[in-house]
Amino acid sequence: MDAAKRHKAEIPSVRLADLYSMPFDKEIDILVEDVVNKDLGLDIKSVLGIELVGPCQALDVKDPRSKDLHTWYRYNFDPPECMTIAIRTFTNDETVHLDSPSEVPIMVVHNKPLDHGKYRNAGDTVFAMLLAECDHCEDRRAGKALKAQLKSLAEQKGIDLSLNKSKRKRDLEINGSTFSNLGIRVPYDEASKVGYRPLSVSAKKLRGILNKILKQHNEEQETDFSELDLLIQYANIANDELDFGQALELGLFFFASSPEIGLQT
């Protein structure tokens, strides 16, 4: 192997793409080489209570291929489109979001148990998220010093520090809603109107249907699945007619509607 190929094979984003079977952008190179593998990672944990995990640590794990990396640090009700990139000492988790395994993560979102499975935007990049966290640091002096260090590194490496540019762009492309607040973005042909069709019920109505089923189950009553069965039938018809987005939307609603979420709310 020549020097150029050997050098490319050592780049974190290239190695992680091979491990995860999905692309990573240059930010992960900087997070691994200039943050996690340096004292800056410890400073972030000490000042902000945030530890960079998941793909930021995967290359330091012995035999990473023996791990199920896509479920590493995954919490209950994290949707499949999200991958945990950071955890907090006070139980929030930050995840990077991607709508397709073939694209690099497009934004950072976060949630915590009290959010009941709902996610909020945290920034276009991990660096943008970290800079915003520095502004809310209890130790203002330490937060200010860390922010200056992170900002200098990000600007030097050409990392976007926007907080919601990616979210605004994605919001314009969202096809349908989900309980997680993230919605879905699926391929849709405007000319033929093929790829997605909306559910026949609103999110509020669907929540009521699911809650009724959970209540009947918890009270050991006869469970009435008739309304749910009808929605599944409609989704199957949509699949037959190439509107696959409806089934994805319905599935994500189901995913976020387990008894555990019902108990939390």
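Trainee: What makes the largest cavity a cavity, and what is its volume?
Mentor: The largest cavity has a volume of about 100 Å³. On a 1 Å grid over the protein atoms alone, a cavity is a set of points where a 1.4 Å probe fits but cannot get out, and lining residues have an atom within 4 Å of a point. Grid points are joined across faces, edges and corners, and the volume is the space filled by probe spheres set on the points. Remember that this is a predicted model: local features need pLDDT of at least 70, side-chain atom pairs count only at pLDDT 80 or more, and totals for chains, interfaces and linings use all residues. Residues are numbered from 1 along each chain as its sequence is written, and side-chain values use heavy atoms, with hydrogens and water left out.

Trainee: Which residues are closest to the centre of the largest cavity?
Mentor: There are 13 lining residues, and Pro 79, Thr 178, Ser 180, Leu 182 and Leu 252 are the closest to the centre. The lining comprises seven nonpolar residues, five polar and one charged. Here Ala, Val, Leu, Ile, Met, Phe, Trp, Tyr, Cys and Pro count as nonpolar, Asp, Glu, Lys and Arg as charged, and the others, Gly among them, as polar.

Trainee: How many cavities of 30 Å³ or more does the search find?
Mentor: Two, in a search of the whole structure.

Trainee: Why does Trp 72 count as buried?
Mentor: Its relative accessibility is 18%, and buried means under 20% relative accessible area (exposed is over 50%, partly exposed in between; 1.4 Å probe, protein chains only). Trp 72 therefore counts as buried. Across the protein chain, buried residues make up 43% of the 265 residues.

Trainee: What is Trp 72 in contact with, beyond its neighbours within four places in sequence?
Mentor: Contact means heavy atoms within 4.5 Å. Tyr 20, Gly 54, Gln 57, Ala 58, Val 61 and Lys 67 are in contact with Trp 72 once those neighbours are left aside.

Trainee: Where is Trp 72 found?
Mentor: In the loop between β1 (50-52) and β2 (82-88); strands (E, at least two residues) and helices (H or I, at least four) are DSSP runs, numbered from the N terminus.

Methods
On a 1 Å grid over the protein atoms alone, a cavity is a set of points where a 1.4 Å probe fits but cannot get out, and a pocket is an open set with protein on both sides within 12 Å along at least five of seven lines; lining residues have an atom within 4 Å of a point.
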